[in-house]
Amino acid sequence: RYVRNIPSDQILTMTYTVAAARDMRRRFAALFGEGEADRLEFRTINGVSARIIRTYEQRMGRTAFSLLSSETEQTALLRVLYFRCKGEYPTDAELKQARTLIAYAKNQMLGKEELDLLWKELDCFPALYRAYQQALRNARQMDYDDQMVYALRILRQVPEILHEFQARYHYFCVDEAQDTSRIQHAIVSLLAGAGG
């Protein structure tokens, strides 16, 4: 029940992919046993964000936006919005670049001025990004990276949700922590709280 005098159910282990989370759990179980591995949580940062959103829904009696998890649906939406912005259909490379820039903008928590600079990467990007975000809001959807955006907003604006997670987890293990994006770091920092 304890790992180095720390109750294992107070440890939240985070990584980037589901495969990495499974691998970390397997390695932990090999060292400390299946029982301890069952008490410890191994999640992706997006998985933690989804849990924060679900907790918010339950505690506040609200329904979160549905997840746009299909790359095909996201690409189709971006294709239509790109055409509206530029009057021509994008190439596959332009669509891939748009998806990459959208993820980058959300992960780095870019403000309007920083976002506007990304036109150099894709000339219609700022308008495309705003149209994409508006289309998601209108459809009551969020994309994969929005999970972190909304989770961070919840932690900042709803202290009881933040305190609930801080009370549950006192220790955080972040795999490859040096590679966290700005938003991932902000979420982990809030969860770690004053104790760091």
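**Exercise 1.** Is Y150 buried or exposed, and what is its relative accessible area?

*Solution.* The model is predicted, so local features need pLDDT of at least 70 and side-chain atom pairs count only at pLDDT 80 or more, while totals for chains, interfaces and linings use all residues. Residues are numbered from 1 along each chain as its sequence is written, and side-chain values use heavy atoms, with hydrogens and water left out. The classes are buried (under 20% relative accessible area), exposed (over 50%) and partly exposed in between, with a 1.4 Å probe and protein chains only. Y150 has a relative accessible area of 18% and is therefore buried.

**Exercise 2.** Classify the aromatic pair that F65 and Y150 form.

*Solution.* Rings of Phe, Tyr and Trp (its six-membered ring) pair if their centres lie within 6.5 Å; planes under 30 degrees apart count as stacked, over 60 as edge-to-face and the rest as tilted. For F65 and Y150 the centres are 5.9 Å apart and the planes stand at 80°, which makes the pair edge-to-face. The pair links distant parts of the chain, since F65 lies in the loop between helix 3 and strand 5 whereas Y150, 85 residues away, belongs to helix 8; helices (H or I, at least four residues) and strands (E, at least two) are DSSP runs, numbered from the N terminus. F65, at 22%, is partly exposed.

**Exercise 3.** Classify the pair of F83 and Y89.

*Solution.* The ring centres of F83 and Y89 are 4.4 Å apart with planes at 25°, so this pair is stacked. F83 is partly exposed at 34%, whereas Y89 is exposed at 55%.
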